[in-house]
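Please walk through the structure shown here with the text beside it.

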Amino acid sequence: MTIDHIEDLKTLLHIKIPDSKTNKSRSFTVVGDNFINIYRKYVSLRPKGIKERRFFLRYGNGQCYRVVMG
């Protein structure tokens, strides 16, 4: 999943999961301030100027590393 698959609409998150093994795209929404705030904090920790578009990066010791998870 890349950062382009998540759309922050202020009161909800709209997530689009592209084709997978089943050849079907999926989408869903996330509501609730707690979940949205966790997402925003995760995004805010992302290093500036990183070219990697994947959403999940490796975090440790309060830092984000430019290494892809998964």
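Predicted model: local features only at pLDDT ≥ 70, side-chain atom pairs only at ≥ 80, totals over all residues.

**A cavity and its surroundings**

The largest cavity has a volume of about 30 Å³. The residues that line the largest cavity are Tyr42, Val43, Arg46, Phe55, Leu57 and Tyr59. Sorted by class, this lining has five nonpolar residues, no polar ones and one charged residue. Two elements, α1 and β4, each supply at least two residues of the lining.

To place these elements, consider the chain as a whole. The protein chain has one helix and five strands. Along the sequence they follow the pattern β-β-β-α-β-β. The C-alpha trace spans about 35 × 30 × 20 Å along its principal axes. The protein chain has 70 residues, of which 20% count as buried.

A pair of aromatic rings is described by the distance of the centres and the angle of the planes. A search of the whole structure finds four aromatic pairs. In one of them, tyrosine 39 and phenylalanine 55, the ring centres are 5.8 Å apart and the planes meet at 20 degrees, so the pair is stacked. The angle falls in the stacked class because that class takes planes under 30 degrees apart. This pair links distant parts of the chain: tyrosine 39 belongs to helix α1 (residues 33-44), while phenylalanine 55 sits in the loop between α1 and β4 (57-60), and the two are 16 residues apart. Both tyrosine 39 and phenylalanine 55 are buried.

Phenylalanine 55 also pairs with phenylalanine 56; here the ring centres are 4.8 Å apart and the planes are at 80 degrees, so this pair is edge-to-face. Phenylalanine 56, with a relative accessible area of 39%, is partly exposed. The two rings, together with Tyr39 and Tyr42, form one aromatic cluster.

The strands come next. Strands of a sheet pair through backbone hydrogen bonds, either parallel or antiparallel. Three strands form an open sheet in the order β1-β2-β3, and their pairing is antiparallel. At its edges are β1 (6-8) and β3 (26-31), each of which pairs on one side only. From one strand to the next the twist averages 15 degrees. Within this sheet, β1 pairs with strand β2 (residues 12-17) in the antiparallel sense over three bridges. Glutamate 7 has histidine 14 in β2 as its bridge partner.

β4, which contributes to the cavity lining, pairs with strand β5 (residues 63-68) in the antiparallel sense over four bridges. Glycine 60 stands opposite glutamine 63 in β5. The hairpin of β4 and β5 has two residues between the strands, and in this hairpin asparagine 61 takes a positive phi near 55 degrees.

Positive phi values also occur in other loops. Lysine 10, found in the loop between β1 and β2, has a positive phi of about 70 degrees although it is not a glycine. With 69% relative accessibility, lysine 10 counts as exposed, because the exposed class begins over 50%. Asparagine 23, in the loop between β2 and β3, is not a glycine either and has a positive phi of about 60 degrees. The relative accessible area of asparagine 23 is 63%, so this residue is exposed.

At 31% relative accessibility, glycine 32 counts as partly exposed. The C-alpha atom of glycine 32 is separated by 25 Å from that of cysteine 64, a residue 32 positions apart from glycine 32 along the chain.

Note on methods:
Residues numbered from 1 in each chain as written. Heavy atoms only, no water. Phe/Tyr/Trp six-rings, centres within 6.5 Å; stacked < 30°, edge-to-face > 60°. Buried < 20%, exposed > 50% of the residue type's maximum accessible area, 1.4 Å probe, protein only. Pairing = 2+ DSSP bridges. Axes fitted to C-alpha atoms, helices over the stretch in contact; angles between N-to-C directions. 1 Å grid on protein atoms, 1.4 Å probe; cavity = no way out; pocket = protein on both sides within 12 Å on 5 of 7 lines; lining within 4 Å. Points joined across faces, edges and corners; volume = space filled by probe spheres on them. Nonpolar A, V, L, I, M, F, W, Y, C, P; charged D, E, K, R; others polar.
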